Amino acid sequence: MRKYLFSAGFALLVAATTVSVTAVVQPAFAAEIKYVVNGIPITTGDIAHRAAFFKLQHKKGDAKEEMIDQTLRLAEAKRLGIRISDQQVDAAYQRFASSNKMPLARLDAIMAQSGVSKEHFKEFIRAQMAWNQALSARYRSGEGGSVTEQDAVRRMLDKGGAKPTATEYMLQQVIFVVPASERAATLAKRKREADAMRVRFSGCNTTREFAKGLLDVTVRDLGRVLAPQLPSDWAEQIKATKVGGATPTRETERGVEFIGVCSSREVSDDKAAQMVFQAEGSNDKDAEELSKKYVAELRQKAKIVER
């Protein structure tokens, strides 16, 4: 699932690196409201940017329909409580430039010259990241064609493989809360405080004791989480953290956070098999079909008004 969405969302603009940086910058598109989707406006500018995006990819597509689908996907992710921060989007944009061996300024120029704009591409990235999480949650929940634990084991054994193992983590989340109204004034100070506590972190048993004397610090025990179930934005950091240690701090919409790794162990059971199968064994076609079905359901329920 993650592999499909990553390739669909980020491996799109390699051909764009041949665009001349001396080209004339495209003029800004007009922005009159063309559609309202469940109360969310889509402008003619949005549609024009998406059409330019298709052209840049050498890909055919209906820009207005794609923008309607993207709006529905983002709204569904929001309904599920999925939030992709600006920092996550900026980091993904930077990784895209790096993976295509171009400086960030060149990628910015390509977006401007092609009429896409970096803002539109970043919103596309945000939508892809959010939809990835929404689709993975639906897949794991058993809706839309998920496999049972027993089916996963049977399929793996039928292919000649042994029942797989997966790392199971015990995790603890520490949040230095920063209200939105105070973010500009206090975020830097709260990050210093979070960094100081993270350095002192030596296991999950003492976290609450450390937090007692600190203002607006929340400690949450996340319980046991299998590696394929780790949140995509934290997974690599958690895997790189030793037991008894903590991930680097990150700014999120809640404030500043880090995750402590209380313990880890390898487990081999039907649940692990299911998770590994869904994370690694599903193919692009399965994911694409599930995504199409999910969006079709959202369209059926949606109120789409053309202006």
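Of the 307 residues in this protein chain, 44% count as buried, where buried means under 20% relative accessible area, exposed means over 50%, and partly exposed lies in between, using a 1.4 Å probe and protein chains only. Please keep in mind that this is a predicted model, in which local features need pLDDT of at least 70, side-chain atom pairs count only at pLDDT 80 or more, and totals for chains, interfaces and linings use all residues. Residues are numbered from 1 along each chain as its sequence is written, and side-chain values use heavy atoms, with hydrogens and water left out.

Let's stay with the whole chain for a moment. Its accessible surface comes to about 16,300 Å², and 52% of that belongs to carbon and sulfur atoms; such areas come from the Shrake-Rupley method with a 1.4 Å probe, and for residues only the protein chains shown count as cover. How many helices and strands does the chain have? The secondary structure comes to 12 helices and seven strands. Helices here are DSSP runs of H or I with at least four residues, strands are runs of E with at least two, and both are numbered from the N terminus. Take the contacts in the chain with a separation of 6 or more: 75% of them are between residues 24 or more positions apart. Contact, by the way, means heavy atoms within 4.5 Å.

Now to the inside. A nonpolar core is a set of buried Ala, Val, Leu, Ile, Met, Phe, Trp, Tyr and Cys residues joined through side-chain atoms within 4.5 Å. The largest one has 38 residues, and the members that touch the most others are Ile-42, Leu-107, Met-111, Val-116, Phe-121, Ile-125 and Trp-131. Which elements build this core? Strand S1 (33-37), H2, H3, helix H4 (86-99), helix H5 (104-114), helix H6 (118-141) and helix H12 (284-301) each supply at least two residues. The largest share, eight residues, comes from H6. There is also a second, separate core of 14 residues, with Val-178, Met-197, Val-219 and Val-256 among them.

Let's look at how some helices meet. Two packed helices are described by the angle between their axes and the distance between the axes. The axes are lines fitted to C-alpha atoms, for helices over the stretch in contact, and angles run from 0 to 180 degrees between N-to-C directions. Find helix H2 (residues 44-56) and helix H3 (residues 63-79): their axes come within 8 Å and cross at roughly 110°. H2 and H3 are therefore roughly perpendicular to each other, since angles of 65 to 115 degrees get that name, under 35 is roughly parallel, over 145 roughly antiparallel, and the rest oblique. On the H2 side, the contact is made by Asp-46, Ile-47, Arg-50, Ala-51 and Phe-54, and on the H3 side by Ala-63, Lys-64, Glu-66, Met-67 and Gln-70. These residues divide into five nonpolar, one polar and four charged. Here Ala, Val, Leu, Ile, Met, Phe, Trp, Tyr, Cys and Pro count as nonpolar, Asp, Glu, Lys and Arg as charged, and the others, Gly among them, as polar.

Two residues from these helices deserve a click. Is Gln-70 buried or exposed? Gln-70, in helix H3, counts as buried at 3% relative accessibility. Leaving out residues up to four places away in sequence, Gln-70 touches Arg-50, Glu-123, Phe-124 and Ala-127. Phe-53, in helix H2, counts as buried at 1%. The C-alpha atoms of Phe-53 and Phe-121 are separated by 8.1 Å, with the two residues 68 apart along the chain.

On to H4 and H5, whose axes come within 9 Å and cross at roughly 100°. That makes H4 roughly perpendicular to H5. Tyr-93, Gln-94, Phe-96 and Ala-97 in H4 meet Leu-104, Leu-107, Asp-108 and Met-111 in H5, a group of six nonpolar, one polar and one charged.

Finally, some loops. Most residues other than glycine have a negative phi. His-58, in the loop between H2 and H3, has a positive phi of about 55° and is exposed, with a relative accessible area of 67%. Ser-117, in the loop between H5 and H6, has a positive phi near 80°, but counts as buried at 17%. Lys-303, in the loop between H12 and strand S7 (304-306), counts as exposed at 61%. Lys-303 and Val-37 are 266 residues apart in sequence and 5.9 Å apart in space, C-alpha to C-alpha.
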